[in-house]
Each structure stands twice: as C-alpha cells, then as structure tokens.
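Here is a walk through one protein model, from the overall picture down to single side chains. Keep the viewer open and follow along.

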Amino acid sequence: FLNFIYLGENVVQDFLNIQKILIAIFNYHLLLDGSYIGLLKSILKFQSILALSIEDSYKSQGVKISRKNIEIVVKQMLNKVIIEDPKTTNLLPLELIKLVVIKEICNSIKKYNSNTKEKNKDKIKISRFESFPVFKPKIFSTTNSVLSQEGFLTQAGFQNTKKVLTKAAIEGSLDWLANLKQRIIVGQVLSSGSTFFNSK
C-alpha cells in the first residue's frame, strides 16, 4: 500500500540536512509558482516546519518557550538568498542578497518588461527584455545571521564583542542604529509602535 507523506516530513530515523529540505521545498514551489512567489511560499512553509520542530524539542525537555521568539530567530536565519545566475542584472554569482532587495529587483524587472511590451505594441523597437536572476534560499546559523547584520553594535552584542568593536574602530565604521537591538543597547527611542511616530 502507498503511504502519503507531507513535504518536509521525516522519512528516515537519521539526521536531516535542513538546507537540503529547504531546497527541496523551494524546487517544488519553483515549478508551481515561479521564482519569486515560489521563494516566498517555500520560505514560509520551511519557517513553520522549522519553528514547530524547535518548539517540539523544547517541549520534550519540559521547557516552556514562546513561539514568537522562535519565529523571530527562524525569520532572521532565512533572511537572504544566494544568487546562482545574475542574468542581465548587476548582481554577482554566489552573492548573498536580502529578500527585500530581491523583491525590489523582481518588481522592477517585471515593470520594465511590461513597459517594453507596451512600447513594442506601438512599434517602437526596444533592444531586449530583462530576465530575472536565478537564486535559491540559504539558511544561516543563528550566529552567522546575527554576525551578518549591517550594524556593528548588533554583532558586538552577540559574541566576540572585543573583536567586533576593535575592527569597527580601526575601520571607522558607522552604525546608523536602524535596528531595534541597537537602539536598546544605546538607550535611544525604539523605532516601533506609537513611540516611533511620536518621536518624529
């Protein structure tokens, strides 16, 4: 008899490579939904699978933890994609790009191509259509996801504080205090909720 399994369900009693699971889910949605929508759907599905797995492991040890905390960490771990083929964009192969930036790139390419189609209808020749870059999701460890943040205060607040601050001082780095954690460390007004709008 046939047994149906869910996508991402454990079939063997062995350690799983979560990057391979993420890529398998992404490839499935890539065929169904296209590159960008497939990326978003696969990341959402993988986030829920990973968050449930982490929550179950805490519960099995008798530890109560808020699911919101787990979801925030998992979201940071899946914040970037890796470029495989830049096509006509100015990106580099194997470059790590934030999801927000990929969204903007895909939207601008889509808008450019639709404008090109309209101009071609009016019999104005346009040189070429732009093509979407080929990318795949990448999962980072919690350490790497924090250390790849833009501001050095977030990195210093996590680990290797002396090393991160020394490097920032030598390079003359600036931290624009854009993230919540950085503002908490310095004691500034938090950039969230009604406090943020009242401080403007």
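## The overall picture

The protein exposes about 14,200 Å², and carbon and sulfur atoms supply 58% of that area. Keep in mind as you read that this is a predicted model. Of the 200 residues of the protein, 28% count as buried.

On the secondary structure side, the protein has 9 helices and 3 strands. Read from the N terminus on, the elements run α-α-α-β-β-α-β-α-α-α-α-α. As for contacts, take those in the protein with a separation of 6 or more: residues 24 or more positions apart account for 49% of them.

## The sheet and the helix on it

In what order do the strands of the open sheet come? The 3 strands are arranged β2-β1-β3, and the pairing is antiparallel. The edges belong to β2 (96-98) and β3 (134-138); each has a single partner strand, so one side of each is left without a neighbour in the sheet. Neighbouring strands of this sheet are turned by 40° against each other on average, direction ignored.

Now look at how β1 meets β3. Strand β1 (residues 80-85) pairs with β3 in the antiparallel sense over 5 bridges. If you want a spot to check, Val 81 stands opposite Pro 137 in β3. Helix α2 (residues 35-60) packs on the sheet, where it touches β1 and β3, and the direction of α2 makes about 5° with that of β3.

While you are at α2, have a look at Gln 47, which is found in that helix. Is Gln 47 buried or exposed? Gln 47 has a relative accessible area of 18%, and because buried means under 20%, Gln 47 counts as buried. Not counting residues up to four places away in sequence, Gln 47 touches Val 74, Lys 75 and Leu 78.

## Salt bridges

The count of salt bridges comes to 6.

| Pair | Closest N and O atoms |
|---|---|
| Asp 33 and Lys 41 | 3.4 Å |
| Glu 84 and Lys 136 | 3.4 Å |

Start with Asp 33 and Lys 41, which form a salt bridge. Asp 33 is partly exposed at 27% relative accessibility, and Lys 41 is partly exposed too, at 37%.

Arg 67 counts as partly exposed at 28% relative accessibility, and Glu 71 counts as partly exposed at 34%.

Then there is the salt bridge between Glu 84 and Lys 136. That pair links distant parts of the chain: Glu 84 sits in strand β1 and Lys 136 in strand β3, 52 residues apart. Glu 84 is partly exposed, with 41% relative accessibility, and Lys 136 is partly exposed as well, with 28%.

Which residues are joined by salt bridges that share partners? Glu 55, Lys 59, Arg 67 and Glu 71 make up one such network.

## A nonpolar patch on the surface

Moving to the surface, Ile 5, Val 11, Val 12 and Leu 16 form a nonpolar patch there, with about 380 Å² of accessible area together. One of its members, Leu 16, is found in the segment before α1 (18-33). Leu 16 has a relative accessible area of 43%, which makes it partly exposed.

## A loop further along

Finally, find Ser 173 in the loop between α7 (161-171) and α8 (180-186). Ser 173 is partly exposed, with a relative accessible area of 30%. Which residues does Ser 173 contact, leaving aside its neighbours within four places in sequence? Ser 173 is in contact with Phe 152 and Ala 168. Ser 173 and Phe 152 are 21 residues apart in sequence, and their C-alpha atoms lie 7.8 Å apart in space.

How values were computed: Residues numbered from 1 in each chain as written. Predicted model: local features only at pLDDT ≥ 70, side-chain atom pairs only at ≥ 80, totals over all residues. Heavy atoms only, no water. Patch = residues over 30% accessible without salt bridge, like charges linked within 9 Å, V, L, I, M, F, W, Y side chains within 5 Å. Areas by Shrake-Rupley, 256 points an atom, 1.4 Å probe, with all protein chains shown as cover. Salt bridge = Lys/Arg side-chain N within 4 Å of Asp/Glu carboxyl O. Helix = DSSP H or I, 4+ residues; strand = E, 2+ residues; numbered from the N terminus. Buried < 20%, exposed > 50% of the residue type's maximum accessible area, 1.4 Å probe, protein only. Pairing = 2+ DSSP bridges. Axes fitted to C-alpha atoms, helices over the stretch in contact; angles between N-to-C directions. Contact = heavy atoms within 4.5 Å.
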